[in-house]
Amino acid sequence: MSDEAQLKALRNRIDSIDEKIMELISERAACAQTVAHVKQKSLPEGTKPVFYRPEREAWVLKHIMELNKGPLDNEEMARLFREIMSACLALEEPLRVAYLGPEGTFTQAAAIKHFGHSVISVPMAAIDEIFREVAAGAVQFGVVPVENSTEGAINHTLDSFLEHDMVICGEVELRIHHHLLIGENTKTDKISRVYSHAQSLAQCRKWLDAHYPNVERVAVSSNADAARRVKGEWNSAAIAGDMACELYGLSKIAEKIEDRPDNSTRFLIIGSQSVPPTGDDKTSIIVSMRNKPGALHSLLQPFHTNGIDLSRIETRPSRSGKWTYVFFIDFFGHHADPLIKDVLEKINDESVALKVLGSYPKAVL
């Protein structure tokens with residue numbers, strides 16, 4: 001068989017496979033519609049069913065990754081199924097998800113990574129506004145940044161948890177790659193100003209010191225705002241990611257300029273629904289302790305005694321008094337687990353106040 005004939009046969013086979021894939025996706029979508037009908041029928045009139053189940057979606061993605069035999073890697077396969085589930089869920093009920101805007105931010109990228117492209121993403125001007133939108137029921141979920149591997153905790157998010165009663169329903173981790181972007185009118189030898197978010201400027205500090213030591217660094221509200229500004233200027237550049245680059249039609253003159261190649265940001269999914277255990281969960285709590293010697297030891301001792309692994313602990317000033325603090329703690333396990341219940345009971349006995357923000361599946365992608 002000639003090369004041309006072999007290629008034709010392979011293309012015909014691919015076309016046949018594509019048709020089968022389309023039929024199976026359509027069959028899955030029809031099943032999703034039936035699920036929506038069954039859920040609605042089983043509830044009292046006027047009651048709204050819960051269509052999005054974080055624990056179910058986490059299980060499906062992990063199961064797909066376990067079954068995958070290649071040649072696509074596990075994450076690529078899971079991302080494909082993420083989009084299929086997103087489209088099918090939109091047939092049941094289109095989700096509205098608030099994120100820190102404007103369009104093109106890393107927070108929007110995190111929202112799409114977690115929920116897929118079929119959600120209705122709603123940009124908000126500030127983190128506190130995301131909490132308010134979720135609390136008001138204007139959106140089902142919100143996506144907020146909580147910590148960066150280079151710059152640490154996002155204090156605005158931690159403070160918002162003190163002011164609002166929200167449930168953490170999930171988490172998503174996003175590798176952050178920064179690029180130096182210019183517009184079509186930019187004169188590269190005349191760049192005198194670089195726009196970006198303050199954290200992004202900090203994450204690229206060494207690179208800027210080496211390549212643009214005399215250029216003014218201007219902090220703006222978001223990387224997407226930086227990209228938007230550059231589009232209309234001839235003497236400026238922006239530090240932003242791929243999404244902002246594509247959205248505003250910019251060009252990259254330097255890629256992946258972050259000082260640390262493992263630069264990542266963790267985002268939390270906030271909502272109003274509690275999530276059942278999956279067997280691979282995290283729990284987040286806020287604790288206020290009495291101001292006395294050994295308070296921190298008393299707080300941490302139950303975790304040590306029960307062999308519970310902490311993943312993060314942060315402090316923030318308390319709203320209740322000067323020089324008093326609250327602890328934000330993330331640890332592995334679900335609040336319904338017997339060992340975790342025992343830990344929380346012991347902490348509650350020693351603390352002034354304990355607030356469980358939520359238990360949720362560990363990030364899959």
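Arg79 has a relative accessible area of 33% and is partly exposed, a class that lies between buried (under 20% relative accessible area) and exposed (over 50%), with a 1.4 Å probe and protein chains only. The model is predicted: local features need pLDDT of at least 70, side-chain atom pairs count only at pLDDT 80 or more, and totals for chains, interfaces and linings use all residues. Residues are numbered from 1 along each chain as its sequence is written, and side-chain values use heavy atoms, without hydrogens and water.

Glu75 is likewise partly exposed, at 38%. Glu75 and Arg79 form a salt bridge, with 3.6 Å between the closest N and O atoms; the term requires a side-chain nitrogen of Lys or Arg within 4 Å of a carboxyl oxygen of Asp or Glu. Both residues belong to helix H3 (residues 74–92), 4 residues apart, or about one turn of the helix. Helices (H or I, at least four residues) and strands (E, at least two) are DSSP runs, numbered from the N terminus.

## Salt bridges across the chain

The whole structure contains 24 salt bridges. In one of them, Arg266 pairs with Glu147, the closest N and O atoms being 3.1 Å apart. This pair links distant parts of the chain, since Arg266 lies in strand E11 (residues 264–271) and Glu147 in strand E3, 119 residues apart. Arg266 is buried at 6% relative accessibility, whereas Glu147 is partly exposed at 21%.

Asp330 and Arg312 form a further salt bridge, at 2.9 Å between the closest N and O atoms. Asp330 is in strand E14 (residues 325–332) and Arg312 in strand E13 (residues 310–317), 18 residues apart. Both Asp330 and Arg312 are buried. A network of salt bridges links Glu147, Glu171, Arg266, Lys282, Arg312 and Asp330.

## The interface of domain 1 and domain 3

The domain assignment, which is automatic or from a database, gives domain 1 (3–37 + 52–175), domain 2 (181–262) and domain 3 (274–361). In domain 1, 22 residues are in contact with 21 residues of domain 3, contact meaning heavy atoms within 4.5 Å.

Across this interface there are 5 salt bridges. Lys282 and Glu171 also form a salt bridge, with the closest N and O atoms 3.2 Å apart. On the side of domain 1 that touches domain 3, helix H2 (54–67), strand E3 (141–148), helix H6 (155–163) and strand E5 (167–175) each supply at least two residues. H6 gives the most, with 6 residues.
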